[in-house]
Amino acid sequence: MPTSSVRIIAYEPAHRLAFRDLNRAWIQQYFTLEPHDHEMLDDPEGYILTPGGHVLMAELGGEIVGTVALIRETADQYELAKMAVADGHQGHGIGRALGEAALAKAREVGASRVVLESNRRLAPALALYQSLGFQEVPVPTDTPYARADIRMERAV
């Protein structure tokens, strides 16, 4: 099915398992699930949505094949987090579509800045973030992730 047929839709409770499973797959492939991962993946409604964040899902042919979250940090700053694309669908522009949709949502809700934390081992993801306009900044000492060795941000 052509990737141009991908639809970016808002998260619904029926997407909870897909959100969890898509993210667990990539995290466990490269790293270990950390306590902060469990907080978000086990309760996206309570951890992300209720405090004012957003989760977007990528749907292709009726199947959820990707996701991304925007976590509200302050009134005008959001963290782009938990971006995942299913193995068989990577490299076809779905991550870009999710990233662009997340930035559009950030603008829509009045954000002035979007930040993210990642790991240098995830070279394709970092290349995508750079192409979306993110630039590297120092990693804060209070990051909740042991695996975070790069922080990026951009104005929206």
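Leaving aside neighbours within four places in sequence, Glu34 is in contact with Pro144, Tyr145, Ala146 and Arg147, where contact means heavy atoms within 4.5 Å. This is a predicted model, in which local features need pLDDT of at least 70 and side-chain atom pairs count only at pLDDT 80 or more, while totals for chains, interfaces and linings use all residues. Residues are numbered from 1 along each chain as its sequence is written, and side-chain values use heavy atoms, with hydrogens and water left out.

Glu34 is placed in the loop between α1 (16–30) and α2 (35–42); helices (H or I, at least four residues) and strands (E, at least two) are DSSP runs, numbered from the N terminus. Glu34 counts as buried because its relative accessibility is 11%, given that buried means under 20% relative accessible area, exposed over 50% and partly exposed in between, with a 1.4 Å probe and protein chains only.

Between Ala84 and His54, which are 30 residues apart in sequence, the C-alpha to C-alpha distance is 15 Å, and for Ser118 and Ala81, 37 residues apart along the chain, the C-alpha atoms are separated by 8.8 Å. The table lists the accessibility of each residue.

| Residue | Relative accessibility |
|---|---|
| Glu34 | 11% |
| Ala84 | 4% |
| Ser118 | 8% |

The wider fold is described next. The protein has five helices and seven strands, and from the N terminus on its elements follow the order β-α-α-α-β-β-β-α-β-α-β-β. Among contacts between residues at least 6 apart in sequence, 63% join residues at least 24 apart, and buried residues account for 47% of the 156 residues.

In soluble globular proteins, nonpolar side chains tend to be buried together. A nonpolar core is a set of buried Ala, Val, Leu, Ile, Met, Phe, Trp, Tyr and Cys residues joined through side-chain atoms within 4.5 Å. The largest such core holds 27 residues, of which Leu80, Ile94, Tyr129 and Phe134 touch the most other members. At least two residues of this core come from each of β2 (54–60), β3 (63–74), β4 (77–85), α4 (94–108), β5 (113–118), α5 (123–131) and β7 (150–155), and the largest share, six residues, is supplied by α4. Not counting residues up to four places away in sequence, Leu80 touches Val68, Ala69, Leu70, Ala102, Val114, Val115, Leu116 and Tyr129. A second, separate core has 22 residues, including Ile9, Leu22, Ile71 and Ala81.

As for overall dimensions, the C-alpha trace spans about 40 × 35 × 30 Å along its principal axes. A compact globule of 156 residues would have a radius of gyration near 15 Å, so the 14 Å of the protein agrees with that expectation; the radius is taken over C-alpha atoms, and the globule rule is 2.2 Å times the number of residues to the power 0.38. The accessible surface comes to about 7600 Å², and 50% of this area belongs to carbon and sulfur atoms.

Key: Areas by Shrake-Rupley, 256 points an atom, 1.4 Å probe, with all protein chains shown as cover.
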